[in-house]
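Have the sequence and the 3D view open as you read.

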Amino acid sequence: MNPGQPIEGLDLRRMGSGVVILVVGGILAAVALVATLRHGVTEWSYALVFGALIAIGETVQFRVDRSRNRAPIATSAALGYAMLRGPSVGMPPELAQVIAVTAVATAAGIVPRAIAGLRWDIVVSCRRGISVACAAAVFEALTRRDLAWNGEWVEALWIAGAMMAGVLSAGLSDAVIGAGQATERYNRPFPAALRDELVVMTRIGMAMGITAILLATGTSLIGHWAPPVVIVPLLLTQFAFRRFASAQRTYRATVRSMARSTEIAGFSSPGQNARTAQLAVAIGNDLGLTPARMEALEYAALLSGVGQLALADPSPGGASLLRTREERQRAAEIGASVIERSGVLDHVAEIVRHSNDPYRMGRANNPGIPVESGIVNVALAYEQLVGEGTGQSPDKAMESIGLGIGAEYDPVVVESLRRVIGRGFRF
Amino acid sequence: MLAGSVMRPRVGQVYRTSLDYVLVIALYLLSGVGSAILVCAVGALSQDRRHPLVKKIFNGAQSVLCAAAGGLVFHYTGGPRAGEVLSEPWDAIWTTTAANATWLVVNAVLLCLVLFLEGGQPSPTTFIRKVALPTSPSLLGYGLLGMLLAVAWLSGLGFLSILLIFVPLYVSRWALSQYEAERRAQAATMRAFIQVIETKDLYTRGHSERVSEGVGLLGRHLGLSDDRQTALEHAGLLHDVGKVGVPTSIIQKPGRLDDSEMDAIRLHPARGVELIGNIPFLEEVKSAVLHHHEKYDGTGYPAGLGGENIPYFARIIGIVDAFDSLTSTRSYRPARGVEETLDILLQDRNTHFDPLLVDAFVEVIRRHGWKTLDQPAPDGSKVVAIDHDDLSLGSGGGATGNAAGVE
């Protein structure tokens, strides 16, 4: 089992609650399609233009942060289509038609990705469809169908308000579903997961929502000219985002590679840093740390050994547990000062500095020491006991770590480790 | 409406400049060219007080001139006004885009003029090549937001429309600044890491960063593209990263090394590639790290490549690596002078190095100079390790025979 890895494509066994989302999305799409086919499609041209935008957006989706793929153009286009009104659009699309067009276009956008072997995630696409349906329903409930932009501020404010409400409902529904999924997949506490999703919503979500409003307003006023005019700046923004995302990936790979230097130098066994980081991340998720702190925690766990590079000779098998505490603390101090020198990872340095402090002499009396230090400390110890080569059973390792509760190890972290191991975490 | 538009939102300077021209384009459509120029003039009066007067005047004049030039084009191409925007959107799109293009051209010309008059760096041609041309397509694209602003304003939303336009602009700025931040973070992290690896030997301290600087000078002289320039500098910084895999005892071993110890040293390029293999650098970075100890006559390691078969970046790094090594102090010998070292490089230009690149490098160093740092004086009383760069220099061509410490 590897809880850190995102699922791809159609892998029903590993989807968990994703199956529910998939079924709800599928039923919604099927019902909407049938209803639309029976009533006939109104305003074909707009359905085609927005459908094409959604499909293109779906095809050029990309990943920011480490979370999941995002398709800002598809989201904005679908939300925009849901909120069209006169004067340019004579017969605004009905709820069923909005959902049907979104569903068909999304499917059309995924096909090229699947053929090209790129990452695609049907559950994420379904979530997008469900949130668009929410927005369309709220918007339709708040505005009459014949309400149109006529240049008066009363109508304009009313429609804009309904749009805001629609976009907000889309964001909220997606945040709740997303938080549920994060809870299931990474065992994060639900409130923490919801908080993280809401934070993301106020950033990327707001940008997508505002763009959708701009798209809908523009199209309602100047018709077919609006989508290209909105899409050009949007594509430029997406391009800037992609560059940022790729720089971010490069940076992360750099930190990981630097961490591996201790393995190449013989200070730690192959994969040791990665295993320690994997466990530290699982514990961090269990304790519901914020994404920023999770990132620092992962880096700290990866880099906890770099201080050894400045020490003379590698210890056999990289077992830093065998060395004296003074030596380990000195290595941690050196490592922290190395990391600090980069000038951008100060928080990581702070975690590493205290990662070898015993709980009783450190965090128990000094609340300034981050809990992440305790996590790294426990993860290092557990990896030493269970990791490749030494091969104790998890139960036995848990037992020896349990002996150090309160003195060597932070009780909160050990409790969390017990839960993580109990759920079946294995390296 | 006009009075309202004059009250520009008070946001950071950076956002203001990009918001400025979007606002001006919207003003062309909403209230005419005259008011757009007026707004620019008023805006010029409310500049940051800390700027010197000359700069303020120039900035103000520049924005007024740009707005006027753009406005003229807008006027003579028959740009629509107010209500017409909604009925003739295509006219609005192409006239504002034409005005936007004019604005960009005038802006670039004015800036070039200033750069030319000041005569400093960067030169007007570099400015056009590196700044003006790459940014203009996106500025042209974001100009469409001005037209959307006018449409949203006319819809009855009024001031709220500015909010709608501001968010996409802000997000793109944010992404751009984050991109820069990530790039800086990466560079800083790699430098910090290299410094740790170099702590093993007092005398090679700073070597990788100096090599990175040296290859940077040579790369700019050779006119590499931005991407490749960055890649080359990264490769220069990381070329010895594999030394982390060489046991400290060998690096610090006094005197000559036996064959097995030499083999351990010869492994360091491969170790380096192993270490950085997962970082999505350009492929050239990895090949440069792997082959930076190859020699032009094919006697180097690890693959014994010769001539043009040695990757381009590796040839560049080989030269700068040798140069910095010779101009640095080693425990067993003092540093050589820059001119003396350049002569050594020129003597070896066919055996060790790519002759054309050596010539280019010598030219660059003679023009820009090279600052050597204060380093610990050689300690004659101790027999200490011979740096691997010196070793590789000494074992091949006879010209640098005493570089290996056999004085």
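Predicted model: local features only at pLDDT ≥ 70, side-chain atom pairs only at ≥ 80, totals over all residues.

Residues are numbered from 1 along each chain as its sequence is written, chains are lettered from A and ligands numbered from 1 in the order in which they are written, and side-chain values use heavy atoms, leaving out hydrogens and water.

What does B:Glu340 form a salt bridge with? The partner is B:Arg336, and the closest N and O atoms are 3.6 Å apart. A salt bridge here means a side-chain nitrogen of Lys or Arg within 4 Å of a carboxyl oxygen of Asp or Glu. B:Arg336 is buried, at 11% relative accessibility.

Next up is the pair B:Arg366 and B:Glu339, whose side chains meet in a salt bridge at 3.1 Å, N to O. This pair links distant parts of the chain, 27 residues apart: B:Arg366 sits in helix H17 (residues 355-368) of chain B and B:Glu339 in helix H16 (residues 338-347) of chain B. Helices here are DSSP runs (H or I, at least four residues), numbered from the N terminus. B:Arg366 is partly exposed at 45% relative accessibility, and B:Glu339 is partly exposed at 43%.

B:Glu233 and B:Arg220 make another salt bridge. It also joins distant parts of the chain, with B:Glu233 in helix H10 (residues 226-238) of chain B and B:Arg220 in helix H9 (residues 207-222) of chain B, 13 residues apart. B:Glu233 is partly exposed, with a relative accessible area of 25%, whereas B:Arg220 is exposed at 53%.

| Salt bridge | N to O distance |
|---|---|
| B:Glu340 and B:Arg336 | 3.6 Å |
| B:Arg366 and B:Glu339 | 3.1 Å |
| B:Glu233 and B:Arg220 | 3.5 Å |

Over all chains, a search of the whole structure turns up 27 salt bridges.

## A helix pair in chain A

How do H8(A) and H10(A) lie relative to each other? Helix H8 (residues 226-264) of chain A packs with helix H10 (residues 291-303) of chain A at an angle of about 25°, their axes 8 Å apart. Axes are lines fitted to C-alpha atoms, for helices over the stretch in contact, and angles run from 0 to 180 degrees between N-to-C directions. The two are therefore roughly parallel, a label for angles under 35 degrees.

On the H8(A) side, A:Tyr251, A:Arg252, A:Val255, A:Arg256 and A:Ala259 meet residues of H10(A) that include A:Glu295, A:Glu298 and A:Tyr299. Contact means heavy atoms within 4.5 Å.

## Two buried residues

A:Ala162, in helix H6 (residues 153-186) of chain A, is buried at 3% relative accessible area. Leaving out residues up to four places away in sequence, A:Ala162 touches A:Phe139, A:Leu142 and A:Thr143. The C-alpha atoms of A:Ala162 and A:Phe139 are 5.4 Å apart, although 23 residues separate the two along the chain.

A:Asn356 lies in the loop between helix H12 (346-353) and helix H13 (371-386) of chain A. A:Asn356 is buried too, at 10%. Beyond its neighbours within four places in sequence, A:Asn356 contacts A:Arg328, A:Gln329, A:Ala332 and A:Asn377.

Note on methods. Parallel < 35°, antiparallel > 145°, perpendicular 65-115°, else oblique. Buried < 20%, exposed > 50% of the residue type's maximum accessible area, 1.4 Å probe, protein only.
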